[in-house]
Amino acid sequence: MSFSTFGLSDEIIRAVTERGYTIPTPIQAQAIPAVLSGGDLLAGAQTGTGKTAGFTLPILHRLSDKSIKGPSSGRPPIRALILVPTRELAAQVEESVRDYGKYLKLSSMMMIGGVNINPQITRLKSRVDILVATPGRLLDHVQQKTLSLSQIQILVLDEADRMLDMGFIRDIKKILALLPKQRQNLLFSATFSDEIRALADNLLNQPLLIEAARRNAIADKVTHVVHPVDRERKRELLAHLIKQHRWSQVLVFTRTKHGANKLAEFLIKSDIPALAIHGNKSQSARTQALAKFKAGDLQVLVATDIAARGIDISELPHVVNFELPNVPEDYVHRIGRTGRAGAEGDAVSLVCVDEAKLLTGIEKLIKCELTSRVVAGFEPDPQIKAEPKNNSRGGEPRSAAFSRELPTAKRPAIKTPAHLVRSTTNRAAAPRNARGRGH
Ligand code: AMP
């Protein structure tokens, strides 16, 4: 299958070809015709599946094809709204819109918080066809009456599970109330919690259901390994691994902003170029760090989960969990950043005795026991017990899970088992015969 089979306009095909894509990904193969048909869509797709082009290409086609008409005179209104959870994802999605739409006469805008609102107000005075926004700032504009959503024809909720995790549900409901009833709705989510299902039930009208990544699946071709280590020696072990393996591009996750800063400082002192990104950094500092990292000019990027959401770095070879995430689903999201588009990736977790229960939770979620390998010289001290404060959150002292890991130290790192890899397509299509869009 090629992109030309969808009937997308020549301008779009040209941009896609220049980008180097030849074969649509499974999510694109399903999403593009579905969106072109004008119906609602519920898509199970995580970052790395090509979901952005999956919705962007057909939206660009529909808006430029005038299959969705704007008014015959005057400045065209905003007709497509793409809501995303984070500023980073907003930047990436809007960049994709601009890139895929570069030969079209459509105009897009990114609207995010953490930056001065005035340039956005000025920008809104000229033509915007496609708005990519985070919910908070969008509502600020609504309140200031600098934005009208009354002509929105297509709504995308991207990474909807993330938006709910981040507490955006009330904002989303407020925004939905401002949109015209007649519209096309596309909901993308990596996981399907009951909350997501409830949102989908409310929002979508006879949606087509497509799934490119299985629920809570992890990417294929990713090698997962756990290195048991004492909590006080994690920094040293990380520096050792980076130097020993000569890793040139490593994304490291920490649980806290403070932890991210401290770790970056330590790495720099160890002669490893590193920068931390998290919510306390200014948007421009985050963007700059990300750009340097993407360009290969920065060896290590240390990030908290929230700051890293939506980071899209193709073929990122190494992801390190300096600390395991509190929420097992975040492991899947973190690892989703490696082993993209068929490339091989490494997911390394440095796990101390406090994190035994978190590890068990992750293994239960991904239905896969992660291989443990003690690094010579960094053997955990059996005398060290879990900290009481961590106990309440996760680990009983030296739980069975953690002890179990140690004797298996010599096993080779495993590949993601076949039943967990991104399945190709899982067409669980809901019948869609009636095309009523009255909701
Ligand atoms: P996404 O899931 O939208 O974040 O995309 C993940 C990565 O896949 C991005 O780097 C895209 O540029 C890339 N990509 C998207 N579609 C294709 C395709 N059809 N062929 C090759 N790479 C693609």
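Modeller: A helix here is a DSSP run of H or I with at least four residues, a strand is a run of E with at least two, and both are numbered from the N terminus. This is a predicted model, where local features need pLDDT of at least 70 and side-chain atom pairs count only at pLDDT 80 or more, while totals for chains, interfaces and linings use all residues. Residues are numbered from 1 along each chain as its sequence is written, and side-chain values use heavy atoms, with hydrogens and water left out.

Colleague: Moving on, at what angle do helix 3 and helix 4 pack?

Modeller: Axes are lines fitted to C-alpha atoms, for helices over the stretch in contact, and angles run from 0 to 180 degrees between N-to-C directions. Under 35 degrees is roughly parallel, over 145 roughly antiparallel, 65 to 115 roughly perpendicular, and the rest oblique. Helix 3 and helix 4 are therefore oblique to each other. Helix 3 (residues 51-64) and helix 4 (residues 87-100) have axes 10 Å apart, and their packing angle is about 45 degrees.

Colleague: Which residues of helix 4 meet helix 3?

Modeller: From helix 3 come Thr52, Ala53, Phe55, Thr56, Leu57 and Leu60. Their partners in helix 4 are Val93, Ser96, Val97 and Tyr100.

Colleague: Now helix 6: is its crossing with helix 8 left-handed or right-handed?

Modeller: The axes of helix 6 and helix 8 come within 10 Å and cross at roughly 45 degrees. That makes helix 6 oblique to helix 8. A crossing is left-handed if the near helix is turned anticlockwise from the far one by less than a right angle, and right-handed if clockwise. Helix 6 passes helix 8 in a crossing that is left-handed.

Colleague: Which residues in helix 6 are buried?

Modeller: Helix 6 covers residues 135-143. Its buried residues pack against several elements, including strand 3 (108-111) and helix 8 (169-177). Those buried residues are Pro135, Arg137, Leu138, Leu139 and His141.

Colleague: What is the phi of arginine 246?

Modeller: Most residues other than glycine have a negative phi. Arginine 246 lies in the loop between helix 10 (234-245) and strand 9 (250-254). At 73% relative accessibility, arginine 246 counts as exposed. Although not a glycine, arginine 246 has a positive phi of about 50 degrees.

Colleague: Last one: where does glutamine 206 lie?

Modeller: Glutamine 206 also has a positive phi, near 40 degrees. At 30% relative accessibility, glutamine 206 counts as partly exposed. It lies in the loop between helix 9 (194-203) and strand 7 (208-211).

Notes. Buried < 20%, exposed > 50% of the residue type's maximum accessible area, 1.4 Å probe, protein only. Contact = heavy atoms within 4.5 Å.
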